[in-house]
Amino acid sequence: MHNLFLYLLIIFTMNVSSTIIDDLDKTRANWSAISDNVMGGISEVNFYEMDDGTDKFYRLEGNVSTKNNGGFIQSIINFPVNAEDYQGIRFTVRGTSDDYYMWIRTPASRFPWDRYIAMFQPKEDWSIIEIPFSSFEKSNFYMRKRMNISKIRTIAFAAYGKDFQAQLDIAKIELY
């Protein structure tokens, strides 16, 4: 019985550590919204906080257009962190059933178009998504293959790569 208790204690204490990045309550991140307008594109972005009476959340929405060599909108936070003690990023989202992306920048992201990328698809109802750091892929051949998680600079949610009306609600983000 003692061994069973010890085993359960070890299992339940493993990987319960997380760091909240933003929970719209006690821990808040400093967000900004960017579209391809910075490079001549015509996508339109809106990013704001909402409260529907039950939940508080952020909404990233806009018209993503690939015209004029564009095709992205994003909400981004500067979050310089050493994430070596964590396995990945966990977040609570809902949205249109399109492909969305998490973009992470590190010192290997030398140019504005450099990032580590992971795709996810939200559901219509709230769901929790976990993306392990090992799932992120580099955006360019000259970047390090494996992301240096000890030097994360920014984390972004993005709608990218095709013409569509994006709507992504984000309720909580944390390292796990």
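Q: What makes strand 7 and strand 8 a pair?
A: Two strands pair if DSSP finds at least two bridges between them. Strand 7 (residues 100-105) and strand 8 are joined by 5 bridges and run antiparallel, so they pass the cut-off of at least two. Strands here are DSSP runs (E, at least two residues), numbered from the N terminus. This is a predicted model: local features need pLDDT of at least 70, side-chain atom pairs count only at pLDDT 80 or more, and totals for chains, interfaces and linings use all residues. Residues are numbered from 1 along each chain as its sequence is written, and side-chain values use heavy atoms, with hydrogens and water left out.

Q: Which residue of strand 8 is the bridge partner of Trp103?
A: The partner is Ile117. Ile117 also stands opposite Glu137 in strand 10.

Q: How do you know that strand 8 and strand 10 pair?
A: Count the bridges. Strand 8 and strand 10 share 2, in the antiparallel sense. The rule asks for at least two, so they pair.

Q: What is the strand order of the open sheet?
A: The 6 strands run 2-5-11-7-8-10, with antiparallel pairing.

Q: Why are strand 2 and strand 10 called edge strands?
A: Strand 2 (31-35) and strand 10 each pair on one side only. Strand 2 is joined to strand 5 (residues 72-81) by 5 antiparallel bridges. Within that pairing, Ser32 has Ile76 as its bridge partner.

Q: Which residues of strand 8 lie on its covered face, and which on its uncovered one?
A: Tyr116, Ala118 and Phe120 are on the covered face of strand 8 (residues 116-120). Ile117 and Met119 are on the uncovered one. In a regular strand, side chains alternate between the two faces of the sheet.

Q: Why is Leu60 called buried?
A: Buried means under 20% relative accessible area, exposed over 50%, and partly exposed in between (1.4 Å probe, protein chains only). Leu60 has 0%, so Leu60 is buried. Leu60 is found in strand 4 (residues 56-64).

Q: Is Arg146 buried or exposed, and why?
A: Arg146 has a relative accessible area of 67%, so Arg146 is exposed. Arg146 lies in the loop between strand 10 (137-138) and strand 11 (152-160).

Q: What makes Tyr142 partly exposed?
A: Its relative accessibility is 35%. That value falls between the 20% and 50% cut-offs, so the label is partly exposed. Tyr142 is found in the loop between strand 10 and strand 11.

How values were computed
Helices (H or I, at least four residues) and strands (E, at least two) are DSSP runs, numbered from the N terminus.
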